[in-house]
Amino acid sequence: MSNTKILVIEDNEDLSFSIAKVLKKEGHSVFVSQTGEEGLDIFQKELIDLVLLDLKLPKMDGLAVLHTLKEMDPDTAVIMMTASTDVKSAIEAMKKGALDYLLKPFELEELKLVVQKALEMHQLKVEVNRLKRSHAKMYPADTLYGESPQIREIRNMIHIVAQTPRTSVLIQGESGTGKELVANAIHYASKRANKPYIKINCSAIPDNLLESELFGHEKGAFTDAKAMKKGLFELAHTGTVFLDEISSMKLSLQPKLLRVLETQTFRRIGGITDIKIDVRVIAATNTDLGELVKNKEFRDDLYYRLKVMEIHLPPLRERKEDILLLAKLFLQEFKKEFNRKVQKFHPETEKLLLDYSWPGNVRELKNVIERSVILAQGDTILPEHLPVELHEQTTSSAPVMKPSGMTLAEIEKWHIAEVLRSVNGNKSQAAKILDISRSTLREKLKLYQIS
Ligand SMILES: Nc1ncnc2c1ncn2[C@@H]1O[C@H](COP(=O)(O)OP(=O)(O)OP(=O)(O)O)[C@@H](O)[C@H]1O
Ligand SMILES: [Mg+2]
């Protein structure tokens, strides 16, 4: 690998001179500094690939420089150089994130080898991170589709909150509206994309276990605590925690979460020291948290802290323009998955899809399309490939009538007319929904003079 930038921080001028000479000969650009301070200065100005760092430096010592370098960029590749009498410090440096070390005095051949190895390892790491990022971008399950103004606005919001990696986010919306998708998108669009992303569903874990899941416990904190256990917040350090169904977190646990949000610190159960972490919290709920606050079932301070950045996902029935767009995307997806030749929706199928109220939102739509792709024989998805709810919907969403003053015959007449209207006059379809034969339907139409 050539044309890499290597920074040598070494106060022994003779040594840094020969190191620089060897590395330049290998085709690298080399920067040399005698002190840690100057080295950090160069590091900030240049895009350095690798740092060769002396452990014993005047004023700021090597370990402190290493620490600052890692703070500036956790991915920096550093090789420590240390006197052979100080192996302990070399190991300490490895623990702090140095890639390798050279014991002085070293042969220049050895230097070349260690540098080459470090650069290869670093290159590999960069490549893995790049792949992870592009994977996150390409993976269709993480894309929030839709062209309604609401969804466009949400995509915009995701973009904005992704830029502020500390801000907590509250995602509200009915079941199946895409809350988890939004949480994923925020994580993967943010600087934390390559860091841990830990999801936990607060309603899926019994109340008494949730605290130790989230915050961990010390050995002996309670009867079953036979060993220290790290909590999810600790494991998610530098990354993102997604707290799904936050509304089911019990009141007594909420102050501890609030403290994490406000100070980024917490204690393990039974612990006496504060642990500092750096995480972004994304919370989601499909029940109205504001209502819970009113009923004193959720702490208002936590609610307001979470609400700073709120994303509300509207139900599908409030963004009808997305229905067919999503349906077509899912059609393509399942067609590929099941290797089918189905191409399109019949206009009447489209109408049924549009008229339905979608209580299960996008998840329900996705399931309906999956089912219809499996059922469809030809190249078109017909109304009969849709589940029965979608046929009934038009009827029940029709203007409410008051049956009290109507005779049975009037109700029957009205109902048949409604069903016919809902299927655009398709008589086979109507007969199917009404669960009567076509000839019975014909008779009734004649009887009630429905055309
Ligand atoms: N705008 C969208 N574009 C593409 N797929 C979507 C969209 N919204 C939701 N989905 C898909 O619908 C399904 C449900 O989404 P998701 O799990 O994010 O919903 P949710 O709001 O978290 O639901 P719940 O409240 O039940 O947990 C997923 O398969 C998801 O990929
Ligand atoms: Mg969800």
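**View 1. The shell of residues around ligand 1.** In this predicted model, 17 residues surround ligand 1, and the closest are Y145, S175, G176, K179 and R363; a residue counts as near if one of its heavy atoms lies within 4 Å of the molecule. By type, the shell divides into 6 nonpolar, 6 polar and 5 charged residues. Here Ala, Val, Leu, Ile, Met, Phe, Trp, Tyr, Cys and Pro count as nonpolar, Asp, Glu, Lys and Arg as charged, and the others, Gly among them, as polar. At least two shell residues come from each of α7 (179-189), α13 (321-338) and α15 (361-375); helices are DSSP runs of H or I with at least four residues, strands are runs of E with at least two, and both are numbered from the N terminus.

**View 2. Polar contacts to ligand 1.** Let's zoom in on the oxygen atoms. A polar side-chain atom of K179 lies 2.6 Å from an oxygen atom of ligand 1, while for G176 a polar backbone atom is 2.9 Å from a ligand oxygen. N286 brings a polar side-chain atom to 3.4 Å from an oxygen atom of ligand 1. Such a contact is a pair of N or O atoms within 3.5 Å. On its own, ligand 1 has 630 Å² of accessible area, of which the protein covers 87% (Shrake-Rupley method, 1.4 Å probe).

**View 3. Ligand 1 and the domains.** The chain is divided into domain 1 (5-134), domain 2 (140-314), domain 3 (323-397) and domain 4 (399-451), with bounds from an automatic or database domain assignment. Why does ligand 1 lie between domain 2 and domain 3? Both domains give residues to its shell, so the ligand lies between them. The centres of domain 2 and domain 4, taken over C-alpha atoms, are separated by 51 Å.

**View 4. Two backbone details in loops.** K104 and P105 are joined by a cis peptide bond, with omega about -5 degrees. P105 belongs to the loop between β5 (100-104) and α5 (108-138). W358 is not a glycine, yet has a positive phi of about 50 degrees; this residue is in the loop between α14 (347-355) and α15.

**Notes for all views.** Residues are numbered from 1 along each chain as its sequence is written, and chains are lettered from A and ligands numbered from 1 in the order in which they are written. Local features of this predicted model need pLDDT of at least 70, side-chain atom pairs count only at pLDDT 80 or more, and totals for chains, interfaces and linings use all residues, while side-chain values use heavy atoms, with hydrogens and water left out.

Key:
Polar contact = N/O pair within 3.5 Å; in protein donor to acceptor, adjacent residues only side chain to side chain.
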